[in-house]
Amino acid sequence: MLAEALEHLVRGVVDHPDDVVVRDKQLRRGSVLEVRVHPDDLGKVIGRNGRTATAFRTVVSALAGKGGARVDFVDVDRRR
């Protein structure tokens, strides 16, 4: 549920919505939502001084409740 909600929010912000991929990874420390976007859209997702990314994290943490979830924005150029 959290991954779908975050994907919907991110698709509304970017220029290339078909390239948005959100993966839910279960780690020992809890759930991590990994967001991958088109390289040209990374600045839009992070925002000025990280404000947009912080807003995404705030919404996801409100939806997650006590369990919580981390949101990670991945630079696809570096990870490949």
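**Core and packing**

I started at L6, which touches V22, L33, V35, F56, V60 and V71 once residues up to four places away in sequence are left out; contact here means heavy atoms within 4.5 Å. Before going on I noted that this is a predicted model, where local features need pLDDT of at least 70, side-chain atom pairs count only at pLDDT 80 or more, and totals for chains, interfaces and linings use all residues. Residues are numbered from 1 along each chain as its sequence is written, and side-chain values use heavy atoms, with hydrogens and water left out.

Buried is under 20% relative accessible area, exposed is over 50%, and partly exposed is in between (1.4 Å probe, protein chains only). My helices (H or I, at least four residues) and strands (E, at least two) are DSSP runs, numbered from the N terminus.

**Aromatics**

How many aromatic pairs did I find? The count comes to one. My rule was that rings of Phe, Tyr and Trp (its six-membered ring) pair if their centres lie within 6.5 Å; planes under 30 degrees apart are stacked, over 60 edge-to-face, and the rest tilted. F56 and F73 have ring centres 6.1 Å apart and planes at 40°, so I logged the pair as tilted. F56 sits in helix α3 (residues 51-64) and F73 in strand β3 (residues 70-74), so the pair ties together parts 17 residues apart in sequence. Buried or exposed, F56? F56 is buried at 6% relative accessible area, and F73 also counts as buried, at 14%.

**Charges**

I then listed the salt bridges (a side-chain nitrogen of Lys or Arg within 4 Å of a carboxyl oxygen of Asp or Glu), and the structure holds five. One joins E7 and R11, with the closest N and O atoms 2.7 Å apart. Both residues lie in helix α1, four residues apart, about one turn of the helix. E7 is partly exposed at 21%, and R11 is partly exposed at 30%.

K44 and D15 meet in another, at 2.7 Å, N to O. This one links distant parts of the chain, with K44 in helix α2 and D15 in the loop between α1 and β1, 29 residues apart.

E34 got its own look. E34 lies in strand β2 and is buried, at 4% relative accessible area. R36 forms a salt bridge with E34, closest N and O atoms 3.3 Å apart, and both are buried. I also noted a 2.8 Å polar contact between the side chains of E34 and R23; that term means N or O atoms within 3.5 Å, where within protein one must be able to donate a hydrogen and the other to accept it, and residues adjacent in sequence count only if both atoms are side-chain atoms. R23, K25, E34 and R36 are linked in a network of salt bridges.

**D19**

Last stop: D19, in the loop between α1 (2-11) and β1 (21-27). D19 is partly exposed at 36%. Leaving aside neighbours within four places in sequence, D19 is in contact with R36, V37 and H38.
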